[in-house]
Amino acid sequence: MKKILITGGAGFIGSHVVRLFVNNYPNYHIYNLDALTYAGNLENLKDLESKPNYSFIKADITDADKMDALFAEHTFDGVIHLAAESHVDRSISDPLAFIKTNILGTVNLLNAAKTVWKDSMDDKLFYHISTDEVYGSLGAEGLFTETTAYDPRSPYSSSKASSDHLVRAYHHTYGMPVVISNCSNNYGPNQFPEKLIPLSINNIKHNKPIPIYGKGDNIRDWLYVHDHARAIDMIYHKGSNGETYNIGGINEWTNIDLIHQLCKVMDKKLGREEGESAKLITFVKDRAGHDMRYAIDSSKLMDELGWKPSLQFEEGIELTVDWYLANKEWLDNILSGDYEKYYNNQYNER
Ligand code: NAD
Ligand code: DAU
C-alpha cells in the first residue's frame, strides 16, 4: 500500500483533495497533516473519519524535528503539499507568519523527504501546490503561461514564489522528483469566509454590506474547487518529473460583475426581490498593492494530460450558494470563533 502525505488537508482545497484520494484510491493510505490553524477545520472531513485508508496527523510544518521524525516513521511514497497561509490581506498585516509557514515549512518538508528518500528517489514524488499570483499582475491583454517570469507583489505571493524556487532547487541540486502546479482563484464548498465569495455569501445572508475593494474592476479567473482537485489527481499520476502545470478556469470576471451574479443567485435562493441583495454592495478602501488581473493559460495541462474544467461558473456558483445555505452549522461555528475580531480589524477602518 502506497503512503501519501497530504499537507493542509483540513483546509479548503486540501479537504477536497484528501476526499478525492481517499475515495478513489483504496490502495493508498492517505495521511492528512495539518496544524489546524484558524483556516483548518476537521468538520470538512467528517465523512472520512472511519475510512481505513485515512489518518489525521496534527502537526506544524514549521517544526523541522517533527517533520524529520514523521518521515523517518512513515517513509512516505509521495507528498502533496498544500499547507500554507493563504490569504493576501492577512499577509499584508502579518508577513512573517507567511514567511515561516510558506517558506520555512516547505524547506522542512523538502529536507525531511530528502533524508529518507536518499537511497532511492525513483518512485517518489514531491508535488508542490502553488498559485498564479507568483506571476504578478496582468494588464488588459495576455495570459500567464508556465514560462512567464515570476513577479510576485504581495507578501503572500512572494512567499509562495520563494517556495516554488526552493522546490525547483531541490530538484536540480539533489535530484528530488518534483512537480509544481500554479492555479487561479478557487471557489466552492468549505472555503473560509475571509475570501471574496464566501464572505459575500455570508454578508448577503445577514444583510450586511458587501465590501468591494477600490472600483471592483480587478479581474480574477475562477475555478470550481473540484476541478482543481481533479487536476491535482491527474498531475500527481501523469505529470512529468520537474515540470510545472498552470491550472485555470477560462473564466475571468471583474469583482463587481461576479458580485452582481452572486447577488442574483442569492436573491433567488433567499426568496428576495431581484436587485435586493445588490443594494448591499459597498465600495471600500482598496487593498494595498492590489493586483489588477490574473488569467491563466492551461493549454499545457489540457493538451498533455487531457484535463479541462467540468463546470460552467453559473452552475458552480449556484452549487456553492446551495452548500453554504445548507451548512449553516459549519458557517456558524466559524463565525463564533476569532472571525469577528478579524473582520472588525480588516473592514472597520475601510
Ligand atoms: P486554506 O487557508 O483554506 O488552508 C490551509 C491549510 O493549511 C489549513 O488547513 C491550515 O490549518 C493549514 N496550515 C497552515 N499553516 C500550517 C502549518 N504551519 N503547518 C501545518 N498546516 C498548516 O488554503 P487553501 O485556499 O485551501 O489553499 C491551499 C493551498 O493552495 C495553498 O498552498 C495555497 O497557496 C494554494 N492555492 C490556493 C488557491 C485559492 O484560490 N484558494 C489558488 C491557488 C493555490
Ligand atoms: O489566484 C489564486 C489566489 O486566489 C490564491 O493563491 C489565494 O490563496 C486566494 O486567497 C486568492 O487570492 P485573491 O486575493 O485573489 O482572493 P480573495 O478572495 O481574497 O479576493 C478576490 C478579489 O476580490 C481580489 O481582487 C480582492 C477582492 N476583494 C476581496 C475581499 C476579501 C474585495 O473586493 N473585497 C473583499 O472583502
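How many nonpolar, polar and charged residues does the shell around ligand 1 have? Sorted by class, that shell has 14 nonpolar, 11 polar and three charged residues. Keep in mind as you look around that this is a predicted model.

Let's stay with ligand 1 for a moment. It is surrounded by 28 residues, and the closest are Ile13, Asp34, Ser86, Tyr156 and Lys160. Two of those names come back when you look at polar atoms. A polar backbone atom of Ile13 is 2.8 Å from an oxygen atom of ligand 1, and an N or O atom in the side chain of Asp34 is 2.6 Å from an oxygen atom of the ligand. On the nitrogen side, a nitrogen atom of ligand 1 lies 3.0 Å from a backbone N or O atom of Ile61. On its own, ligand 1 exposes 840 Å², and the protein buries 96% of that. The elements that give two or more residues to this shell are α1 (12–24), β5 (125–131), α5 (155–174) and β7; β5 gives the most, with three residues.

Now move to ligand 2. Here 24 residues do the surrounding, with Asp132, Tyr156, Arg287, His290 and Tyr347 the closest. A polar atom of the Tyr156 side chain sits 2.6 Å from an oxygen atom of ligand 2. Ligand 2 has 690 Å² of accessible area on its own, and the protein covers 95% of it. Two or more residues of the shell come from each of α3 (88–93) and β8 (210–213), and β8 gives the most, with three. By class, the shell around ligand 2 divides into nine nonpolar, eight polar and seven charged residues.

Finally, the sheet. Three strands form an open sheet in the order β7-β9-β11, with mixed pairing. β7 (185–187) and β11 (252–254) are the edge strands, each with a single partner, so one side of each has no neighbour in the sheet. From one strand to the next, the twist averages 50 degrees. Strand β9 (residues 219–224) runs antiparallel to β11 and is joined to it by three bridges; look for Asp221 opposite Glu252 of β11. Helix α8 (residues 255–270) packs on this sheet and touches β9 and β11, with its direction at about 90 degrees to that of β11.

Note on methods. Residues are numbered from 1 along each chain as its sequence is written. Chains are lettered from A and ligands numbered from 1 in the order in which they are written. This is a predicted model: local features need pLDDT of at least 70, side-chain atom pairs count only at pLDDT 80 or more; totals for chains, interfaces and linings use all residues. Side-chain values use heavy atoms; hydrogens and water are left out. A residue is near a molecule or strand if one of its heavy atoms lies within 4 Å of it. A polar contact is a pair of N or O atoms within 3.5 Å; within protein, one must be able to donate a hydrogen and the other to accept it, and residues adjacent in sequence count only if both atoms are side-chain atoms. Accessible areas come from the Shrake-Rupley method with a 1.4 Å probe; for residues, only the protein chains shown count as cover. Helices (H or I, at least four residues) and strands (E, at least two) are DSSP runs, numbered from the N terminus. Ala, Val, Leu, Ile, Met, Phe, Trp, Tyr, Cys and Pro count as nonpolar, Asp, Glu, Lys and Arg as charged, and the others, Gly among them, as polar. Two strands pair if DSSP finds at least two bridges between them. Axes are lines fitted to C-alpha atoms, for helices over the stretch in contact, and angles run from 0 to 180 degrees between N-to-C directions. Contact means heavy atoms within 4.5 Å.
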